[in-house]
Amino acid sequence: MGETTGTRGNGGHPGVGRVLVVIPTYDEADNVAQIVARVRGAAPSVEVLVADDNSPDGTGALADALAAADARVHVLHREGKQGLGAAYLAGFAWARERGFDAVVEMDADGSHAPEDLPALLAAARDADVVIGSRWVRGARVLNWPLRRLLLSRCGNLYARLALKMPLSDATGGYRVYRLAALDEIDLQSVCSQGYSFQVELSRLAHRSGARIVEVPITFAERERGSSKMSPLIVAEALWRISAWGMQDRRLAVRRGLHGTPTGQVRWP
Ligand SMILES: Nc1nc2c(ncn2[C@@H]2O[C@H](COP(=O)(O)OP(=O)(O)OP(=O)(O)O)[C@@H](O)[C@H]2O)c(=O)[nH]1
Ligand SMILES: [Mg+2]
């Protein structure tokens, strides 16, 4: 873990407390300033942590300039590209060390609209985990090519069936977690590197009995910068979901149960 800038106290978000929006970045120089400004504009009570993996395009230095100009913006410089999951775990630890009450996961590329954040935070008043969902009534997905739509729908269907989780968007990466709910999860056991991180955390939160709520979001295809999505990342998600599903079934058989879900999920 690298250097960080300091944090200053604030009153927090009503009903939720001090909220840190963690934005992982790798080569997001074209996006970082805009996303931070949009978050600060949409939800002035939150603080922002850019978790940069030493992006070759200078995203980290740009984030430093944003932090220098705004006391509620911080930067976590990490040594090199270690995947989305590792960046988030480092961001969660950063938040815990500084007494935040909740963390938000948000992509840097504008796919997750900061303007939806007040709705996610409102839902977090009565929930441990809020998932900004692309696949509940009222959600919109803009400009996504058919292959990405299919990948997301099929991936979610597979995760839902394999892991018996009543979630419409277990792969989505726009979320609020209360730190107290993350304390109930063994984050040391998290092994995903890429986007299966989202499914893994959904599964662990669900198994821990967390109150998970899904709220509709407007998701848009990135307009600038390059995607870090790769066949390897899709393959990792596939085999991990399959392995977790088989593990759950073996356990259920051993216990003579039928995979009774422990979590509570409500839709708005
Ligand atoms: N710190 C860090 N951030 C990463 C890493 N990989 C991806 N990210 C960030 O994670 C977020 C999601 O990555 P994207 O490339 O947008 O992935 P995606 O949304 O599946 O792909 P697109 O739809 O093509 O945008 C972005 O903010 C990336 O910069 C990584 O290894 N380290
Ligand atoms: Mg993206």
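In this predicted model, a polar side-chain atom of Asp109 lies 2.6 Å from an oxygen atom of ligand 1. Two further approaches to ligand 1 involve a polar backbone atom of Gly83, 2.9 Å from a ligand oxygen atom, and an N or O atom in the side chain of Asp107, which is 3.5 Å from an oxygen atom of the ligand.

| Residue | Protein atom | Ligand 1 atom | Distance |
|---|---|---|---|
| Asp109 | polar side-chain atom | oxygen | 2.6 Å |
| Gly83 | polar backbone atom | oxygen | 2.9 Å |
| Asp107 | side-chain N or O atom | oxygen | 3.5 Å |

Taken alone, ligand 1 exposes 640 Å², and the protein buries 96% of that area. The ligand is surrounded by 19 residues, the closest being Glu28, Lys81, Asp109, Ser227 and Lys228. By class, this shell consists of nine charged, seven nonpolar and three polar residues.

Ligand 1 sits in the largest pocket, and the elements that contribute two or more residues to the shell around the ligand are strand S1 (19-25) and helix H3 (84-97).

The largest pocket itself has a volume of about 1100 Å³, and its lining comprises 45 residues, of which Leu84, Arg148, Tyr195, Met229 and Ile233 lie nearest the centre. Two or more lining residues are given by each of S1, H3, helix H5 (146-163), helix H7 (196-207) and helix H8 (231-255), with the largest share, seven residues, coming from H8. The lining of this pocket divides into 20 nonpolar, 14 polar and eleven charged residues, whereas the shell around ligand 1 holds seven nonpolar, three polar and nine charged residues.

Conventions:
Residues numbered from 1 in each chain as written. Chains lettered and ligands numbered in written order. Predicted model: local features only at pLDDT ≥ 70, side-chain atom pairs only at ≥ 80, totals over all residues. Heavy atoms only, no water. Near = heavy atom within 4 Å. Polar contact = N/O pair within 3.5 Å; in protein donor to acceptor, adjacent residues only side chain to side chain. Areas by Shrake-Rupley, 256 points an atom, 1.4 Å probe, with all protein chains shown as cover. 1 Å grid on protein atoms, 1.4 Å probe; cavity = no way out; pocket = protein on both sides within 12 Å on 5 of 7 lines; lining within 4 Å. Sits in = over half its atoms within 2 Å of the grid points. Helix = DSSP H or I, 4+ residues; strand = E, 2+ residues; numbered from the N terminus. Nonpolar A, V, L, I, M, F, W, Y, C, P; charged D, E, K, R; others polar. Points joined across faces, edges and corners; volume = space filled by probe spheres on them.
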